[in-house]
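Take a moment to look over the sequence and turn the model around.

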Amino acid sequence: MSDWLLPPLNEWTRPFYEGCRAGELRVQRCSGTGRFVFPPRPFSPFAPHAPLEWTALSGRGTIWSLVVPHPPLLPAYAAVAPYNVIAVALDEDPSVRLIGNLVSGPGGAIDELDPAGIRIGDPVRVVFDPLNDEIHLPRWVPA
């Protein structure tokens, strides 16, 4: 994968990707309110003076939304289109949603599942696929 397609690593995102590399789905939690915060950021949107803490979650959720991109797309993605992109509402807090692909298992191709068979509300669980030594992407499999 081209470097320009990789997610950025910085002081706020690095703990998320360290968790992915360790096989854990980690998100920030506001120490003032207990609410989960995603995507990673330097300050809580709920209590700006309360520190954010990293918390490991179950990695389970349900499909909240689905899109199927078709060309024209960036060349790296056009070759595998159409493919699914799902938004997953996490079991611990359905207002926290992560974006990824539904695949049959770790290492699966983003275009391996027919989008017509994917249903909003279906349960999923996270798997992690390495892109390089630092970045392992969360992806989703049917639960």
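A polar atom of the side chain of D129 lies 2.6 Å from the backbone nitrogen of G107, which makes a polar contact (a pair of N or O atoms within 3.5 Å; within protein, one must be able to donate a hydrogen and the other to accept it, and residues adjacent in sequence count only if both atoms are side-chain atoms). Before going on, keep in mind that this is a predicted model: local features need pLDDT of at least 70, side-chain atom pairs count only at pLDDT 80 or more, and totals for chains, interfaces and linings use all residues. Residues are numbered from 1 along each chain as its sequence is written, and side-chain values use heavy atoms, with hydrogens and water left out.

Where does D129 sit? You'll find D129 in strand β7; helices (H or I, at least four residues) and strands (E, at least two) are DSSP runs, numbered from the N terminus. D129 counts as buried because its relative accessibility is 8%, and buried means under 20% relative accessible area, with exposed over 50% and partly exposed in between (1.4 Å probe, protein chains only). Leaving aside neighbours within four places in sequence, D129 is in contact (heavy atoms within 4.5 Å) with P106, G107, G108, I135, H136, L137 and R139.

A polar atom of the R139 side chain lies 2.7 Å from the backbone oxygen of G108. Not counting residues up to four places away in sequence, R139 touches a list of residues that includes N101, V103, G107, G108, R125 and D129.

Now for helix α1, residues 14–21. Which of its residues are buried? They are P15, F16, Y17, G19 and C20. These buried residues pack against β1 (25–30), β3 (52–57), β6 (93–100), β7 (123–130) and β8 (136–142). After α1 comes G23, with a positive phi near 80°.

L66 gives us a contrast. L66 belongs to strand β4 (residues 60–67) and is partly exposed, with a relative accessible area of 24%. Leaving out residues up to four places away in sequence, L66 touches N84, V85, I86, P115 and I118. The C-alpha atoms of L66 and V88 are separated by 9.1 Å, though the two residues are 22 apart along the chain.

Check out the loops as well. F38 and P39 are joined by a cis peptide bond, with omega about 5°, and P39 lies in the loop between β2 (36–37) and β3. Another cis peptide bond joins A81 and P82, where omega is about 0°; P82 is in the loop between α2 (75–78) and β5 (85–90).

Finally, zoom out. The protein chain has two helices and eight strands, in the order α-β-β-β-β-α-β-β-β-β along the sequence. Its radius of gyration is 16 Å, close to the 15 Å that the globule rule gives for 143 residues, so the chain is as compact as a globular protein of that length. That radius is taken over C-alpha atoms, and the rule is 2.2 Å times the number of residues to the power 0.38. The C-alpha atoms fill a box of roughly 45 × 35 × 25 Å, taken along the principal axes. Of the 143 residues, 39% count as buried.
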